[in-house]
Amino acid sequence: MSDRKQNLPQLYRFCFLMLGDSRKAQEILNTTLREAAVRAAQGELPREPFWLFREARWRCLEASKTDLQPEALDMDEHDITPQASSQIKQLDPAQLAIWISAAPDPQRTALALFYLDEFDYLEILDIAELKLSTLSRCLRQGRRQLQAWLDAKHPGASKT
Amino acid sequence: MRTLGLLRRRRALLNCAPISHDRVADRSMRAAVSRGDGSDEFVNQQNFDRAIAELVHLVPIPPESAEWFAEKDAIRVPKWTWRKIVLNPAVLAISSAVVVIAGIFAFHLVGQLNDFPGSATARKLLTVAGSTRSVMLDPVSAEAGTLSDLFFMKHGLEHYDVPDEFADFQTFGCRVFDDDESQRIAQIWVGEKRMQFFLFPAERDGKTGAVLAFPGWRYVRQEGWVGAVTEHNGVCFMAALQGREKDLEPYLSKPKE
């Protein structure tokens with residue numbers, strides 16, 4: 001497996017964004033890697049690219065099924081502003097992970113994979129098994145909702 | 001409609017535009033990015049994405065998980081070695097089958113290379129030689145070469161001549177019989193190494209009826225018996241004994257007197 005396909009720090013970050021919880025992300029990472037190591041030892045490791053990410057994604061979705069689910073709300077959406085970068089800089093990575101992990105799937109997977117800055121859009125479509133139109137909608141909506149959340153969280157920054 | 005579809009696709013691609021420019025995957029994405037590059041909306045989107053990606057890269061890796069990253073080879077696909085390939089049951093089964101098929105093919109090929117007109121009859125007669133007992137023959141004590149006259153006079157068999165190489169051997173007995181193809185076969189038993197001689201009609205061309213001649217001596221083997229066969233005047237002569245070709249060779253190379 002090439003190094004990019006098994007970029008393990010990025011795999012951990014992906015799990016963290018999907019679950020918003022460091023302990024759970026570690027658990028999923030460990031389980032996924034153990035499974036991969038056993039399969040590799042038996043010579044049964046799937047040759048499909050990004051198998052680790054696909055496997056970790058399903059495990060994350062499975063793990064979060066038992067969690068408390070966020071209420072289905074119509075979230076506010078705002079246009080992206082030039083001040084967004086400074087608003088984001090005030091965030092903690094864990095806050096962002098909690099926000100992304102609360103998003104419904106496939107938006108959650110789309111945002112987590114996209115913001116890893118590890119894959120191009122074709123690879124994301126492959127890993128998340130999405131169509132281009134769905135990925136596009138998830139990302140666009142995600143940005144606008146995140147902007148609305150940032151505006152609510154740091155109202156001062158958007159006016160500067 | 002087509003233009004609307006194209007615009008929609010370009011918009012969709014722009015929403016998925018890569019954060020790092022080195023991840024522009026294909027031509028359509030490159031085209032969409034170059035068209036959207038100047039717009040405020042796209043610039044804002046790119047800055048927004050870049051800031052989020054930078055934040056994601058700040059996600060700390062817990063030391064417990066970092067242990068995995070040190071073991072780089074933990075999830076390495078085991079490499080196929082020649083030994084592994086050879087010991088693979090499927091490969092073993094296929095190679096054994098190929099060896100057996102090749103062996104059978106080679107056996108048939110070698111058999112066919114040694115074939116000559118009349119070789120099938122000669123082999124059958126070697127089986128006859130193995131099962132013949134002396135009591136089955138009419139006792140005749142003479143030189144083998146003189147039996148041609150007997151075969152002609154008594155049985156009407158023309159050219160059933162014993163070649164010069166074997167003409168001097170003393171006989172114990174002889175007989176004439178029909179084989180399963182109703183061919184007249186003459187069989188002679190001689191004292192020398194308990195050898196047996198057979199005379200039988202040479203094979204003929206099915207269409208023209210011409211004798212299928214072959215030069216010199218040819219060997220046939222069957223069930224521990226070996227025969228040296230030659231053809232002359234449309235009749236084949238075979239000297240047979242229990243043993244190997246080298247046991248017959250001295251007689252065949254003996255110069256004619």
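Me: How many bridges pair β6(B) with strand β7 of chain B?
Reply: This is a predicted model, where local features need pLDDT of at least 70, side-chain atom pairs count only at pLDDT 80 or more, and totals for chains, interfaces and linings use all residues. Residues are numbered from 1 along each chain as its sequence is written, with chains lettered from A and ligands numbered from 1 in the order in which they are written. Strands (E, at least two residues) and helices (H or I, at least four) are DSSP runs numbered from the N terminus, and two strands pair if DSSP finds at least two bridges between them. β6(B) and β7 (residues 235-242) are antiparallel, and the number of bridges is eight.

Me: Which residue of β7(B) is the bridge partner of B:Glu231, and which residue in the hairpin takes a positive phi?
Reply: The bridge partner of B:Glu231 in β7(B) is B:Cys236. The hairpin of β6(B) and β7(B) leaves two residues between the strands. The positive phi, near 55°, belongs to B:Asn233.

Me: Which residue in the turn between β5(B) and β6(B) has a positive phi?
Reply: β5 (residues 218-222) and β6 (residues 225-232) of chain B run antiparallel, joined by five bridges. B:Tyr219 has B:Ala228 as its bridge partner in β6(B). Two residues separate the strands of this hairpin. The phi of about 50° is that of B:Glu223.

Me: What is the bridge partner of B:Asp178 in β3(B)?
Reply: β2 (residues 171-178) of chain B is joined to β1 (residues 138-139) by two bridges, in antiparallel fashion; there B:Asp138 has B:Cys174 as its partner in β2(B). β2(B) is also joined to β3 (residues 184-190) by seven bridges, again antiparallel. Their hairpin has five residues between the strands, with B:Ser182 in the turn at a positive phi of about 60°. The partner of B:Asp178 is B:Arg184.

Me: Is B:Pro250 buried or exposed?
Reply: B:Pro250 sits in helix α9 (residues 245-252) of chain B. A residue is buried if 20 or more other C-beta atoms, placed from the backbone, lie within 10 Å of its own, exposed if 12 or fewer, and partly exposed in between. B:Pro250 has 9 such atoms within 10 Å, so it is exposed.

Me: What percentage of the 257 residues in chain B is buried?
Reply: Chain B has nine helices and seven strands. Its buried residues make up 26%.

Me: How many residues does chain B bring to the contact with chain A?
Reply: Two residues are in contact if their C-beta atoms, placed from the backbone, lie within 7 Å. Chain A contributes 41 residues. For chain B the number is 31.
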